[in-house]
Amino acid sequence: MLAHLWLGLGRWASAKGLSSVAESCYRIASEGGGSVSAEALLDLGKSQSAKERFDEATATLLQASKHAPRLARVWCALGVAYRRSADMPAARDAYERALEIDPNYQDARTNLGEWHLVSGNPQLALQCFD
């Protein structure tokens with residue numbers, strides 16, 4: 001229950017532009033275990049990625065994937081962190097993992113399409129975008 005409150009407080013702080021406070025709340029919430037930990041780590045990883053702290057984001061999101069290996073949003077966010085840190089093969093693997101979990105997850109499909117476009121394969125990109 002307490003972890004839910006910390007997660008909610010972190011999301012409120014993030015919405016108010018208090019990203020450092022939000023990250024602290026997410027860290028505390030991540031200690032709660034279960035799905036709340038995964039959600040808190042996902043939000044923390046996204047915050048770190050937005051601040052271009054990609055090594056931290058990758059480590060955080062990998063930890064989230066251990067708490068919730070079947071949460072497509074975690075794998076998609078991990079793919080973004082990998083792509084932004086120029087680890088293109090790992091980014092593709094993460095996007096594909098997200099789509100294995102949820103074939104209709106549009107963010108993962110779009111990101112994989114962008115990955116194919118950047119990698120010089122517009123035909124595969126179009127298949128992802130359709």
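**View 1. Helix α7 and its packing.** Helix α7 has 13 residues, helices being DSSP runs of H or I with at least four residues, numbered from the N terminus. From its first C-alpha to its last, α7 reaches 18 Å, close to the 18 Å expected at 1.5 Å a residue; the expected span is 1.5 Å times one less than the number of residues. This is a predicted model, in which local features need pLDDT of at least 70 and side-chain atom pairs count only at pLDDT 80 or more, while totals for chains, interfaces and linings use all residues. Residues are numbered from 1 along each chain as its sequence is written, and side-chain values use heavy atoms, with hydrogens and water left out. Within α7, the residues Ala108, Asn111, Leu112, Gly113, Trp115 and His116 are buried. Here buried means under 20% relative accessible area, exposed means over 50%, and partly exposed lies in between (1.4 Å probe, protein chains only). The buried residues of α7 pack against α5, α6 (88-101) and α8 (122-129), where contact means heavy atoms within 4.5 Å. Glycine 120 follows α7 and has a positive phi, near 90°.

**View 2. The salt bridge between glutamate 114 and arginine 83.** In this pair, the closest N and O atoms are 3.0 Å apart. A salt bridge is a side-chain nitrogen of Lys or Arg within 4 Å of a carboxyl oxygen of Asp or Glu. Glutamate 114 belongs to helix α7 (residues 106-118) and arginine 83 to helix α5 (residues 72-84), so the pair ties together parts that are 31 residues apart in sequence. Glutamate 114 is partly exposed, at a relative accessible area of 32%. Arginine 83 is also partly exposed, at 23%.

**View 3. The salt bridge between arginine 11 and aspartate 43.** The whole structure contains eleven salt bridges. In one of them, the side chains of arginine 11 and aspartate 43 meet at 2.6 Å, N to O. Because arginine 11 lies in helix α1 (residues 2-15) and aspartate 43 in helix α3 (residues 34-50), the pair ties together parts that are 32 residues apart in sequence. Arginine 11 is partly exposed, with 37% relative accessibility, whereas aspartate 43 is buried, with a relative accessible area of 14%. The two side chains are also joined by a polar contact of 2.6 Å. A polar contact is a pair of N or O atoms within 3.5 Å; within protein, one atom must be able to donate a hydrogen and the other to accept it, and residues adjacent in sequence count only if both atoms are side-chain atoms. Not counting residues up to four places away in sequence, aspartate 43 touches Leu7, Arg11 and Tyr26.

View 4. The side chains of arginine 53 and glutamate 23 form a salt bridge of 2.9 Å, N to O. Arginine 53 is in the loop between α3 and α4 (54-67) and glutamate 23 in helix α2 (residues 19-29), so this pair ties together parts that are 30 residues apart in sequence. Arginine 53 is partly exposed, at 23% relative accessibility, whereas glutamate 23 is buried, at 4%. A polar contact of 3.3 Å links the side chain of glutamate 23 to that of lysine 51. With neighbours within four places in sequence left aside, the contacts of glutamate 23 are Leu44, Ser47, Gln48, Lys51 and Arg53.

View 5. At 38% relative accessibility, leucine 9 is partly exposed.

**View 6. Loop residues with positive phi.** Glutamate 52, in the loop between α3 and α4, is a residue other than glycine with a positive phi, near 60°. Glutamate 52 is exposed, with a relative accessible area of 54%. Alanine 86, in the loop between α5 and α6, has a positive phi of about 70° although it is not a glycine. The relative accessible area of alanine 86 is 61%, and this residue is exposed.

Technical notes:
Helix = DSSP H or I, 4+ residues; strand = E, 2+ residues; numbered from the N terminus.
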